[in-house]
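Here is a brief report on one protein model. It starts with a single residue, then moves to two others and the overall fold.

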Amino acid sequence: MAVGQEQARWDTNYEWKIVLLLGIGFGLVGLDRWIIVYLWDTGIAPDLGLNAGHLGNLVGALGLLWGFFAIFSGRLSDGIGHRKILIPAIFIFSLMSGFSGMVAGFTGLILIRALMGVSEGSYTATMIPSTGYASKPSRRGFNQGLQQCGFPLFGLALAPIIATQLLQVTTWRTIFWIVAIPGFIIGLLLYFVLREPADTQGAKLLGATEEAGSWLEVFKSKNIVLGMILLAFMMACVFPLSAFVPGYLLNYLELTPVQMGFVMSGIGFGGFVGQFGIPGLSDLYGRKPVAVVAFIGATISCFGFFQVGLNLPLLFTMLFFTSFFTLGTIALVTGPICTESAPPGLVASSIGLVVGWGEIFGGGVAPVITGYVAQNFGIQNIVWVAGIGVGAGIVVSLFLDETSPKKLAEKAS
């Protein structure tokens, strides 16, 4: 069957089911991961006697384990299949979220959050290629971005609202169990819907039916290596901001918790739009030019956020655009760029490597550095941790190779 005929008869029913389920699942990853930040200053820290340094270590530990297991699980899922990774992972991280509300001190909390990082990293590295295999090539970027946009919507837009509202009626301990329950439901639905890559229409197009080479083959792709660097830069911006801007707003700008929740929702709504908007634009205009423009926008927005003072609408707007560009580019790099640059049979391995390295540095090391800066030099100086990387990313993104099917077809013709 010709590729054109295969695409014309694409199984859109499975395509949209898997985008929806995996997208909601990734939204719950974001909610479980970030709601701790919005419960920190108003519940967890005073109850357990903790400070900003402890928060940085918690975020960092989760990020480091997320990164290591994204690398490991991506390669593993190319060998044993996606179902054996994705379905157990969503049940485990949901359970760990609930257990977060049962701790008595920092040691128990960091162990539970580390286990959450293991399962969430495994879920992420396998989820993105699963969407790639299910997606028609002409909308691969949009689908992979749409599937990832649940993370900022649930974790960064709705989490501050959910946390501050639920704290009015219950304790932070109960809230962790409330947000854990939906994960068990999505896991059950995935059990009945999710297919292995070889059983999807994208199998031949992305090499799932070919024998995979050595894991080291992924390093021969220039885009994969550049993607590791670019993802670390973007994550070193958006994740420290997500963890420490609530403290900056409450303790430095002296906003109320409700005002903080409003401003912080900007990072979630901006990321939500960016994670399908940026990859969607790259389907039309190419992966490389969109990535370059996004890094420029992220740099301007990040530094601008820390210059606007007590203007709530401007704080929201600058945080919205910082997240729009950073999280949008994260979806672009981990989604279509990695999927289209991976060696045959090693799509999950390639994505896992890029996600893993980005998490280890941007989600693991950078929050620890940011916590040290906030504790010793003032929380207003965290802008330098967040802003330097995205500025350097402008230069690195200029060396990407174009992989968009539309642009490659135009060039060939």
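Phe106 is partly exposed, because its relative accessible area is 22%. The cut-offs are these: buried means under 20% relative accessible area, exposed means over 50%, and partly exposed lies in between (1.4 Å probe, protein chains only). The model is predicted: local features need pLDDT of at least 70, side-chain atom pairs count only at pLDDT 80 or more, and totals for chains, interfaces and linings use all residues. Residues are numbered from 1 along each chain as its sequence is written, and side-chain values use heavy atoms, with hydrogens and water left out.

Phe106 sits in helix α5. Helices here are DSSP runs (H or I, at least four residues), as are strands (E, at least two), numbered from the N terminus. Leaving aside neighbours within four places in sequence, Phe106 contacts Leu50, His54, Asn57 and Leu58. Contact means heavy atoms within 4.5 Å. His54 is 52 residues from Phe106 in sequence, and their C-alpha atoms are 7.8 Å apart.

Helix α5 covers residues 106–134 and also holds Thr131. Thr131 counts as buried, at 0% relative accessibility. Met235 belongs to helix α10, residues 222–252. Met235 is buried too, with a relative accessible area of 5%. From Val37, 198 residues away along the chain, Met235 is separated by 17 Å between C-alpha atoms.

What does the secondary structure of the protein come to? It comes to 16 helices and zero strands. The radius of gyration is 20 Å, close to the 22 Å that the globule rule gives for 413 residues, so the protein is as compact as a globular protein of that length. That radius is taken over C-alpha atoms, and the rule is 2.2 Å times the number of residues to the power 0.38. Along the principal axes, the C-alpha atoms fill a box of roughly 65 × 40 × 35 Å.

Of the 413 residues, 61% count as buried. Among contacts with a separation of 6 or more, 87% come from residues 24 or more positions apart.
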